[in-house]
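Visitor: I have a structure open here and would like to talk it through. Could you take my questions as they come?

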Amino acid sequence: MNTEKTALEMIAGAARCPEYSPVMISALMKKLDMNEKGFALLMNVTPSTVRLWTSGAVQPSGTAKRLMQIYETGPEIVSKIAGEYYPADRRDS
């Protein structure tokens, strides 16, 4: 019998995503040291969408909330994502 959990089993057992309030979104942006534009790039949305989230006019989708949960619990993943596009050894002239 395989006692290791599959990724699907782990996700299914994971806590539900928090309802990210404007305050929580702003705190996450601060934790990640990002402004609206940077956070929008990370979340693959427009800066105006981030403004709607942080003003409380619109709630993030379920997928956006899951991404925020991932970035909040493992902020180091942001560096890994950025590294795919901007290798640390790349030098700009």
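Visitor: What share of the residues counts as buried?

Guide: In this predicted model, 22% of the protein's 93 residues count as buried. The exposed surface comes to about 7,000 Å², and carbon and sulfur atoms supply 57% of that area.

Visitor: And how many helices and strands are there?

Guide: There are six helices and zero strands, so that, read along the sequence, the pattern is α-α-α-α-α-α. As for contacts between residues with a separation of 6 or more, 56% of them join residues 24 or more positions apart.

Visitor: Which residues have the most contacts inside the largest nonpolar core?

Guide: That core has 15 residues, and the ones with the most contacts inside it are Ile-25, Leu-32, Phe-39, Met-43, Trp-53 and Met-68. Two or more residues each come from α2, α3 (36–43), α4 and α5 (62–73), with α3 giving the largest share, namely four residues.

Visitor: Leu-32 is on that list; what is it in contact with, leaving aside neighbours within four places?

Guide: With those neighbours left out, Leu-32 is in contact with Phe-39, Leu-42, Tyr-71, Pro-75 and Val-78. There is also a C-alpha distance to give for Leu-32, which is separated by 9.9 Å from Ser-79, a residue 47 positions away along the chain.

Visitor: Ser-79, then: buried or exposed?

Guide: Ser-79, which is found in helix α6 (residues 76–85), is exposed, with a relative accessible area of 55%.

Visitor: How do α3 and α5 cross?

Guide: Their axes come within 11 Å and cross at roughly 110°, which makes α3 roughly perpendicular to α5. The residues in contact are Phe-39, Leu-42 and Met-43 on the α3 side, and Ala-64, Leu-67, Met-68 and Tyr-71 on the α5 side. By class, that contact has seven nonpolar residues, no polar residues and no charged residues.

Visitor: While we're on α5, is Lys-65 buried or exposed?

Guide: Lys-65, whose place is in helix α5, is buried, because its relative accessible area is 13% and the cut-off for buried is under 20%. Leaving aside neighbours within four places in sequence, Lys-65 is in contact with Cys-17, Pro-18, Glu-19, Tyr-20 and Pro-60.

Visitor: And Ala-27, where is that found?

Guide: Ala-27 is found in helix α2 and is partly exposed, with a relative accessible area of 44%. The C-alpha atoms of Ala-27 and Glu-72 are separated by 9.6 Å, although the two residues are 45 apart along the chain.

Visitor: Changing topic to the backbone: what is the phi of Asp-33?

Guide: Asp-33 has a positive phi of about 55°, although it is not a glycine. Most residues other than glycine have a negative phi. Asp-33 lies in the loop between α2 and α3, and at 72% relative accessibility it counts as exposed.

Visitor: And what about the phi of Asn-44?

Guide: Asn-44, which is not a glycine either, has a positive phi of about 65°. Asn-44 is found in the loop between α3 and α4 and counts as exposed, at 70% relative accessibility.

Note on methods. Residues numbered from 1 in each chain as written. Predicted model: local features only at pLDDT ≥ 70, side-chain atom pairs only at ≥ 80, totals over all residues. Heavy atoms only, no water. Core = buried A, V, L, I, M, F, W, Y, C linked by side-chain atoms within 4.5 Å. Buried < 20%, exposed > 50% of the residue type's maximum accessible area, 1.4 Å probe, protein only. Contact = heavy atoms within 4.5 Å. Areas by Shrake-Rupley, 256 points an atom, 1.4 Å probe, with all protein chains shown as cover. Axes fitted to C-alpha atoms, helices over the stretch in contact; angles between N-to-C directions. Parallel < 35°, antiparallel > 145°, perpendicular 65-115°, else oblique. Nonpolar A, V, L, I, M, F, W, Y, C, P; charged D, E, K, R; others polar.
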